[in-house]
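Hello,

Here is the structure I said I would pass on. My notes follow below it.

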Amino acid sequence: MSCILSIETSTDVCSVAMSENGQCIFKEEDHSGPNHAVSLGVFVDEALSFTDNHAIPLGAVAVSQGPGSYTGLRIGVSMAKGICYGRDVPLLAVPTLEVMAVPVLLNHEIEKDALLCPMIDARRMEVYSAIYDRALKPLRETRADVVDGDTYREFLDNHPVYFFGNGAAKCMETINHPNAHLIEGIEPLAKYMFPLAERKWVQKEYEDVAYFVPFYLKDFVAKMPKKLI
């Protein structure tokens, strides 16, 4: 039996969900803006109270690892680590772009050879993105792209590619390819982390609670002058 608390704070949306054996038993979401510092603690307390009151032992904490908002990821990861230390449970890190792909696979009809390109806005014509097939096998790793007409052409020339996320709409006119399709309204939410977290739980892909940092923080530190680190 696995009970996993999932925390997602990579964008302006703050969400928390609890799963038991892959089924959602609790969820809370705040879509009103970047209120993570206010909402997250309340949501987590409600989620843990729910499982405690139902005598459901917590098995692990899953956190969205980025890319995404520097402040949001920092708040989410700090909360996840605190629970792991306090409850003595393992930490699972789930890539944010994979989380965004889950509702597309669950709720949209796409071609068998289609590719998925989740995008997180990085301002101007920059996005964080990756390319996945329908099995969520990464065909191109997560990276920061300055989007122009050729950025994804090697994939678009051979496959239909579905773009989604808060960085996608602004890129469609620039990409301008007949195989490029936009899916609107896709956000990374804790309730979509369950299948990815469960897989990591089964495979025991745990993070070191003391040293884990999210994608955005590692990227930030790597670019700092050594004298400042």
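**Notes on the model**

Asn 176 lies in the loop between α5 (172-175) and β10; helices (H or I, at least four residues) and strands (E, at least two) are DSSP runs, numbered from the N terminus. Phi of Asn 176 is near 45°, which is a positive value in a residue other than glycine. At 61% relative accessibility Asn 176 is exposed, where exposed means over 50% relative accessible area, buried under 20% and partly exposed in between (1.4 Å probe, protein chains only).

On sources: this is a predicted model, in which local features need pLDDT of at least 70 and side-chain atom pairs count only at pLDDT 80 or more, while totals for chains, interfaces and linings use all residues. Residues are numbered from 1 along each chain as its sequence is written, and side-chain values use heavy atoms, with hydrogens and water left out.

**Other backbone points**

Lys 204 also has a positive phi, near 55°, and is not a glycine. Lys 204 sits in the loop between α6 and α7 (215-222) and is exposed, with a relative accessible area of 61%. Most residues other than glycine have a negative phi, and most peptide bonds are trans.

The peptide bond from Gly 66 to Pro 67 is cis, with omega near 10°. Pro 67 belongs to the loop between β4 and α2. Gln 65 is placed in the loop between β4 and α2 as well. Gln 65 is buried, at a relative accessible area of 18%. Leaving aside residues up to four places away in sequence, Gln 65 touches Leu 73, Ala 93, Val 94, Pro 95, Thr 96, Phe 212, Pro 214 and Phe 215; contact here means heavy atoms within 4.5 Å.

**The sheet β3-β2-β1-β4-β5**

Five strands form an open sheet in the order β3-β2-β1-β4-β5, and the pairing is mixed. Two strands count as paired if DSSP finds at least two bridges between them. The edges are β3 (23-30) and β5 (91-94), each of which pairs on one side only. From one strand to the next the twist averages 15°; axes are lines fitted to C-alpha atoms, for helices over the stretch in contact, and angles run from 0 to 180 degrees between N-to-C directions.

Strands β1 (residues 3-8) and β2 (residues 14-20) run antiparallel and are joined by six bridges. Ile 7 has Val 16 of β2 as its bridge partner. Helix α2 packs on the sheet and touches β1, β4 (60-64) and β5, its direction making about 170° with that of β4. Helix α6 (residues 194-202) lies across β1, β2, β3, β4 and β5, and runs at about 130° to β5.

**α1 against α2**

The axes of α1 (residues 36-53) and α2 (residues 70-87) come within 10 Å and cross at roughly 30°. The two helices are therefore roughly parallel to each other; angles under 35 degrees count as roughly parallel, over 145 as roughly antiparallel, 65 to 115 as roughly perpendicular and the rest as oblique. On the α1 side the contact is made by His 36, Ala 37, Leu 40, Gly 41, Val 44, Leu 48 and Asp 52, and on the α2 side by Gly 72, Ile 75, Gly 76, Met 79, Ile 83 and Arg 87.

**The sheet β8-β7-β6-β9-β10**

A further open sheet of five strands has the order β8-β7-β6-β9-β10, with mixed pairing. At its edges stand β8 (138-146) and β10 (180-183), each with a single partner strand, so one side of each has no neighbour in the sheet. Ignoring direction, neighbouring strands of this sheet are turned by 20° against each other on average. Helix α3 packs on the sheet and touches β6, β7, β8, β9 (161-164) and β10, with its direction at about 125° to that of β6. Four bridges pair β6 (residues 115-121) with β7 (residues 126-132) in the antiparallel sense.

**α3 and α6**

Nine of the twelve residues of α3 (residues 96-107) are buried. Helices α3 and α6 pack at an angle of about 125°, with their axes 9 Å apart. That makes α3 oblique to α6. Glu 98, Val 99 and Val 102 of α3 meet Pro 195, Leu 196 and Arg 199 of α6 in this contact.

Regards
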